[in-house]
Amino acid sequence: MRFTPLLLALVIAGCPKPMPPPVGPVQPVPELTCGVEEAVHDEAVDHVVTALLNQQPLDRWEAKYTHDVIRCVVEEIVLDAHDAPVLTGRARAWLEASK
Amino acid sequence: MTDPTRVRLGRRPPRFDKRTLRLERYLATAARRPPARVDWTPKVSLLGPMLNTSLGCCTVSAKGHLIQTWTANHDRQIIVSDSAILAGYTEACGYVPGDPTTDQGGTMLDVLNWFRKTGLAGHKPFAYVAVNHQNRENVKFAINLFGGCDVGIMLPVSAQGQEVWAVPEGGAVGDGAPGSWGGHDVPIVGYGLMGPTCITWGKLVTMTWGFFKTYVEEAYAILAPEWADVDEPAPNGFELEQLKADLVTITG
């Protein structure tokens, strides 16, 4: 067997040491929807659905959740509430107007 | 929007039985996460109210809509007749046709037991299991694996004017208080990121996950031969035989 410089370096260095175990219990990473945690997302959906059904502007909720989150929620409504033509119609109109 | 004068509810307060099987026990066999979206409705057609616009028979109508959904997804849709729903409401809930004082609705657990033992229009499920409705993943599993999930909702008055059921801005108080309209039983037949979709009064109604979390009081997954049988592949690899064996052990 021929020792190349790289193999020789590895033999001299020895095996890499195992990583130390993490300290404390591993916390599950919360799954994000529209970039926010589930509870925040659910609350935003309720607010946006209610605002659209009542023909209220979404500015107030954009200030609370950010424009990107509200846009994402409105896109979900268009995809998921296909049995609600009034709501999805208003959601599509808002998406068009907010481009 | 729903005109409350033209529809009926009919779910009485829940009754719990500690012997009721729980879905969590079986989820270890389901190797993967539920999909982000499930929709068992595209093959369902000619939805009708199944008498729930004139009688408080939602607990029976919900089973009829599940039978319709299961069979439609095997390309052999069966629509349970109104006369069968009426007969079921009479047998399971004690309704006497022509006597409005007996139109008192039903308890989901009692109607589920009747459904399993007697059947609706010749359709008898193998078993049912309680679903932890506070665990969204479990609810999604139930809808995906069993082709639907039978849920009991404490409907608020605020839902009467909503095309999509959502928690009102003021929260679950006043017209938004759980049960301020009444108890209702609906089959959930799909879900997306914004919420699940149910069948009620002959139409599809979507609700937000926030609404589901706030107002749903009980949930059951029903394992029926119309959905999965030994002769047909069980959807998503669910262990049909194990569930049936456990049910025999518990109920004899």
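My entries follow, roughly in the order I looked things up.

**Ground rules**

I am working with a predicted model, where local features need pLDDT of at least 70, side-chain atom pairs count only at pLDDT 80 or more, and totals for chains, interfaces and linings use all residues. Residues are numbered from 1 along each chain as its sequence is written, while chains are lettered from A and ligands numbered from 1 in the order in which they are written.

**Confidence**

I checked pLDDT, the predictor's confidence in each residue, from 0 to 100. Chain B has a mean of 89, with 87% of its residues at 70 or more. Chain A has a mean of 82, and 70% of its residues reach 70 or more. Where in chain A is confidence lowest? I found that in helix α1(A), residues 5-13, with a mean of 52, while α5(A) is highest at 97. For the complex, I noted an ipTM of 0.84 and a pTM of 0.85.

**Chain A, overall**

I took helices (H or I, at least four residues) and strands (E, at least two) as DSSP runs, numbered from the N terminus. Chain A has five helices and two strands, in the order α-β-β-α-α-α-α from the N terminus. Next I looked at burial: a residue is buried if 20 or more other C-beta atoms lie within 10 Å of its own, exposed if 12 or fewer, and partly exposed in between, with C-beta atoms placed from the backbone. Of the 99 residues in chain A, 28% are buried.

**Helix α2 of chain A**

The buried residues of α2(A) include H41(A), D42(A), V45(A), V48(A) and L52(A). I then asked what they pack against, counting two residues as in contact if their C-beta atoms, placed from the backbone, lie within 7 Å. The partners are β1 (32-33), β2 (36-37), α3 (59-65), α4 and α5 of chain A, together with α6 (209-215) of chain B. Just after α2(A), Q55(A) has a positive phi of about 55°.

**Where the chains meet**

The contact uses 18 residues from chain A and 19 residues from chain B. On the chain A side, α2 (38-53), α4 (67-80) and α5 (85-97) each give two or more residues. Which of the elements gives the most? That is α2(A), with eight residues. I sorted the chain A side by class, with Ala, Val, Leu, Ile, Met, Phe, Trp, Tyr, Cys and Pro as nonpolar, Asp, Glu, Lys and Arg as charged, and the others, Gly among them, as polar. The count came to nine nonpolar, three polar and six charged residues.

**Strand β3 of chain B**

Seven of the seven residues in β3(B), 149-155, are buried. C149(B), V151(B), I153(B) and L155(B) point one way, and D150(B), G152(B) and M154(B) the other. I remembered that in a regular strand the side chains alternate between the two faces of the sheet. Strands count as paired here if DSSP finds at least two bridges between them. β3(B) pairs antiparallel with β4(B), residues 182-191, over seven bridges, and M154(B) has G183(B) as its bridge partner there. Four bridges join β3(B) to β7(B), residues 216-223, also antiparallel, with V151(B) opposite A219(B).

**The core**

I used this meaning of a nonpolar core: buried Ala, Val, Leu, Ile, Met, Phe, Trp, Tyr and Cys residues joined through C-beta atoms within 7 Å. The largest one has 91 residues, and V48(A), V131(B), A142(B), C149(B), Y220(B) and A221(B) touch the most other members. Leaving out residues up to four places away in sequence, A142(B) touches L23(B), V131(B), C149(B) and A221(B).

H133(B) sits in the loop between β2 (127-130) and α5 (136-146). Buried or exposed, I wondered about H133(B)? Buried, because H133(B) has 21 C-beta neighbours inside 10 Å. Beyond four places in sequence, H133(B) contacts V139(B), V151(B), V216(B), E218(B) and A219(B).

M50(B) is in the loop between β1 (38-39) and α2 (58-72), and its phi is positive, near 50°. With 29 C-beta neighbours inside 10 Å, M50(B) counts as buried. D75(B), in the loop between α2 and α3 (82-93), has a positive phi of about 60°, but counts as exposed because it has 7 C-beta neighbours inside 10 Å.
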